[in-house]
Amino acid sequence: MVGRRPLGRQFGWLWAAYAVSAYGSGLGFGALPLIAVLALHAGPAEVSALSAVGPAVGTLIAVPLAPWVEFRRKRPVMITMDLARFAAMATIPVAYAFGRLGFAQLLVISAVVAAAKIAFNAASGAYLKALVPPDDLLVANARFESTNWSSIAVGPPLGGAAIGLFGPVTTVVADAVSYLLSALGITAIRGREEAPRPTGKGPVRAGALLDGWRHIMAHPGLRALYLNHMLVAGLIMATEPLLAVLLLRQLGFPPWQYGLAFAAPCAGGLIGSRLARRVVARYGRHAVFRTVGTLRAIWLIGLAFVRPGIVGLVTVMAVELAIIINMSLYTPVLATYRLEHTPQHLVARTLSAWSVGQQASIAVLTALAGLLADVTSPRTALTVAGLLILTTPLLLPRHDHTPQHAPELDHSHS
């Protein structure tokens with residue numbers, strides 16, 4: 001069982017830090033666009049820019065950060081990124097209290113938080129690989145995945161209630177404090193962390209920025225999974241604003257039903273993540289990539305057939321539940337494969353490259369889907385996204401690619 005396998009006190013602190021940050025972000029889910037609407041009376045174009053431009057700029061900032069993360073001790077990097085996010089988010093309630101909050105400030109904060117998140121995830125992935133024995137990586141990643149989905153299931157409904165009771169910046173305060181608590185949790189991890197030893201000419205060369213992408217593209221398995229993941233993540237996320245317009249504006253769903261439609265299916269994330277280890281043990285990792293990777297893509301088209309009333313609500317929840325169960329099973333297996341097939345001195349840059357590609361894909365496909373919805377209708381754009389994602393299984397690896405030359409993989413975990 002995923003929940004019962006002991007991974008040590010150091011992992012316990014790392015997991016606790018991740019959990020408190022995840023639940024804080026769950027409470028603050030969608031907080032910046034909500035503040036833009038409620039406090040700044042922003043229009044649709046500004047809200048879309050906040051959702052797309054801020055994270056896109058953040059990914060650009062994260063590119064030169066990757067070598068910096070790679071060649072430093074990972075715990076101080078994670079603490080620094082948590083403190084940066086705390087400081088950025090904390091400026092919102094302060095500015096709001098003094099009547100100085102502006103849209104430009106929200107854009108800057110969105111970019112800073114996005115860049116810090118990518119750098120933090122890169123550092124934590126590299127640290128996890130050094131902290132946990134190879135045989136336990138899947139269990140560890142499944143625990144993170146389970147925590148992530150439970151935070152999304154619980155956080156947004158509680159956050160919505162808190163905003164209704166205490167005002168628009170309430171959840172931002174909770175999110176900011178969660179980053180501070182996460183930094184304290186990482187600080188509590190004991191044990192000396194060895195400083196990374198640069199290879200070759202070191203991190204100062206310009207080519208170090210691209211080493212993560214080079215590693216991904218040179219590895220047949222990672223390359224196929226990367227291209228597939230970018231399209232799947234981008235197309236799924238592109239449907240969220242479309243569905244918001246369709247459900248809330250055109251079909252007249254009340255906000256609580258809209259929130260329920262997305263929160264309740266997240267319980268499926270607990271199911272998939274807990275099944276991951278047993279499914280891999282029984283059927284093999286390659287079968288998970290091919291079968292579950294296909295299953296997570298076939299359901300999205302169902303959103304194009306949503307109708308008003310309880311039947312429409314059940315349709316959305318059923319589609320979301322099917323997608324989330326398969327995603328939560330697939331994701332920890334993918335995360336483990338990625339760590340196992342990346343040398344220790346490239347982990348941070350590879351994970352950064354992966355995140356940058358994913359965020360860029362989400363930004364581009366969300367913008368294109370929005371344009372298509374404006375020209376046609378949200379339902380048409382949902383249909384196109386649902387049809388396009390049906391082609392993504394063609395990008396999944398057809399064979400179980402294990403590099404013949406991987407001496408680092410045997411010595412860099414402990």
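Helices α12 and α13 cross in a left-handed way.

A word on the source. This is a predicted model, where local features need pLDDT of at least 70, side-chain atom pairs count only at pLDDT 80 or more, and totals for chains, interfaces and linings use all residues. Residues are numbered from 1 along each chain as its sequence is written, and side-chain values use heavy atoms, with hydrogens and water left out.

Back to the helices. Helices here are DSSP runs (H or I, at least four residues), numbered from the N terminus. Two packed helices are described by the angle between their axes and the distance between the axes. The axes are lines fitted to C-alpha atoms over the stretch in contact, and angles run from 0 to 180 degrees between N-to-C directions.

Take α12, residues 285-295, and α13, residues 309-340. They pack at about 140°, with axes 10 Å apart. α12 and α13 are therefore oblique to each other. The cut-offs: under 35 degrees is roughly parallel, over 145 roughly antiparallel, 65 to 115 roughly perpendicular, and the rest oblique.

Next pair. α6 (residues 137-166) packs on α11 (residues 268-283) at about 165°, with axes 7 Å apart. So α6 is roughly antiparallel to α11. Their crossing is right-handed.

Third pair. α9 (residues 220-250) meets α14 (residues 347-375) at about 40°, and their axes are 7 Å apart. That makes α9 oblique to α14. The crossing is right-handed.

What classes of residue make the contact of α9 with α14? There are 17 nonpolar, seven polar and no charged residues. Nonpolar covers Ala, Val, Leu, Ile, Met, Phe, Trp, Tyr, Cys and Pro; charged covers Asp, Glu, Lys and Arg; the others, Gly among them, are polar.

The structure holds five salt bridges. Each is a side-chain nitrogen of Lys or Arg within 4 Å of a carboxyl oxygen of Asp or Glu. One joins E70 and R349, with the closest N and O atoms 3.1 Å apart. E70 lies in α3 (residues 44-70) and R349 in α14, so the pair ties together parts 279 residues apart in sequence.

Last, the surface. L83, V173, V177, L180, L181 and L184 make a nonpolar patch of about 460 Å². Helix α7 (residues 170-187) gives the most, with five residues. L83 sits in α4, residues 74-97. Patch residues have over 30% relative accessible area and no salt bridge; nonpolar side chains (Val, Leu, Ile, Met, Phe, Trp, Tyr) are joined within 5 Å, like charges within 9 Å. Areas come from the Shrake-Rupley method with a 1.4 Å probe; for residues, only the protein chains shown count as cover.

Methods
Helices (H or I, at least four residues) and strands (E, at least two) are DSSP runs, numbered from the N terminus. A crossing is left-handed if the near helix is turned anticlockwise from the far one by less than a right angle, and right-handed if clockwise.
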